[in-house]
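Open the model in your viewer and keep the selection tool ready.

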Amino acid sequence: MSANFIKLISELHFQRFDVHVSELIGNKTPCGIFFGFSGSVEIVKMTVQKLQQTGLNISCVCVISEDIARFEKMKEVPVPVIALDEFDKFGDEKFNVKKPDVIFIPDLIKDLTFVPYFTRHGMESLSPLGLNTQTPYFMLMMQHLPELYSVYSMFDDEESKKTYRAAIKGRLTGKMSDYNFATEPQYFLEGFTPQKGDIAIDGGSFDGGTSATFAKCGAEVYAFEADEVNYKNCFERAEKFGFTIENYGLSDKEKTVGYDHVDYNPAGSHISDTGGGGTAKLIDLDTYVKRKNLPRIDYIKLDIEGSELDMLHGAAETVSRCKPKMAISAYHKPEDMWTLATYIKSIRPDYEFQFRHYGIDFSDYVMNDPERAVLDRFNLPYLAPNHGEYVLYCR
């Protein structure tokens, strides 16, 4: 086992989230909680109380100035509420509290755009994915160390190895600073993109933006979107850029399943056992290729909310025959970190892999103009560090 991987495992035993929180409690380290674009007073109150019950020294709640009046009128929040615009006044008569060394940022992705602001002020940003799930997640990773190391060993480039180690570490520490984020646009790593004349599959087209970019590269694009609302929103782009949009999700076989459309985040709509009252049609790529009489597939991009491995099972014949370049989301399920590359390698042992982690770009996605104006005021990019958005590149 490589020295860097051994070092990572050793560090995790001492730096993982649960251990770090115990140190913060023991040292009575002043901690804050940030609520930017989310959080009712009741949610803020509950979060403060939950963290205080662990023994953490929660000294303040930090909010953007637009929310300060709303919170100041409510006495239920049991700690001082401080606007980010007034951070430089910590310790003066008005703010008789210690400046927090650590800021907890709940799970709303848009709030993570403020991480650089807290870094600028010398604060560590912690964003745990569930206080009660950290130990089980750590144990899961430790149980699958052989599989994780097997995939790690498949990477020939140092950037992939570094990013893979950072993805494991950041998820287990909750520290956004532990991750290693890529600089190129997501799915567009050099050497792994569709070229002119390629036949490309876009699994999880969402609003058609990525499909349009592939089409502009000169590829013949077949885009798949299971969500009916998102599918209809792709029509204009499909017509303008000349790609085919199908109201199907990609899976291991042709079938109809329960489906949840998520109004507040349509990109997160997904297959569900309950279905939320809706259904979606799925198809396997091998069947689709035969039905459309496509001579080959040169490129596949997948972001299908945890169904990536199922889709690969349904594309085994195509992948084996064509060996397309692929860019596959590898973060929806913990086991994606080891199952996806392992399965692909079992189909075509001659695949090579790279691994990258991306921030979420809000330039043209989900965030509204008033929220972007707030980021502008704090000189922050419309880019959120996060615990997911890993991409496994294959060629």
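Contact here means heavy atoms within 4.5 Å. Helices (H or I, at least four residues) and strands (E, at least two) are DSSP runs, numbered from the N terminus. The model is predicted: local features need pLDDT of at least 70, side-chain atom pairs count only at pLDDT 80 or more, and totals for chains, interfaces and linings use all residues. Residues are numbered from 1 along each chain as its sequence is written, and side-chain values use heavy atoms, with hydrogens and water left out.

**Stop 1: the helix pair**

Select α7 (residues 145-152) together with α8. From α7, pick Leu148, Val151 and Tyr152; they meet Lys161, Tyr164, Arg165 and Ile168 of α8. By class, this contact has five nonpolar, no polar and two charged residues. (Ala, Val, Leu, Ile, Met, Phe, Trp, Tyr, Cys and Pro count as nonpolar, Asp, Glu, Lys and Arg as charged, and the others, Gly among them, as polar.)

Now look along the axes, which are lines fitted to C-alpha atoms, for helices over the stretch in contact; angles run from 0 to 180 degrees between N-to-C directions. The α7 and α8 axes are 10 Å apart, at an angle of about 155 degrees. That makes α7 roughly antiparallel to α8, a label for angles over 145 degrees.

**Stop 2: the largest cavity**

A cavity is a set of points on a 1 Å grid over the protein atoms alone, where a 1.4 Å probe fits but cannot get out; lining residues have an atom within 4 Å of a point. Points are joined across faces, edges and corners, and a volume is the space filled by probe spheres set on them. How many cavities of 30 Å³ or more does the search find? It finds two.

Select Tyr137, Met141, Ala167, Ile168, Arg171, Leu172, Met337 and Tyr390: they line the largest cavity. Its volume is about 50 Å³. Helix α8 gives the most to this lining, with four residues. Seven of the lining residues are nonpolar, none polar and one charged.

**Stop 3: the second largest cavity**

Next, select Val151, Tyr164, Ala330, Asp336, Met337, Ala341, Phe355 and Leu392. They line a space of about 40 Å³. Helix α15 (residues 336-347) contributes the most here, with three residues.

**Stop 4: the whole chain**

Zoom out. The protein chain has 16 helices and 18 strands. Its C-alpha atoms fill a box of roughly 75 × 50 × 40 Å along the principal axes.

Terms used:
On a 1 Å grid over the protein atoms alone, a cavity is a set of points where a 1.4 Å probe fits but cannot get out, and a pocket is an open set with protein on both sides within 12 Å along at least five of seven lines; lining residues have an atom within 4 Å of a point. Angles under 35 degrees count as roughly parallel, over 145 as roughly antiparallel, 65 to 115 as roughly perpendicular and the rest as oblique.
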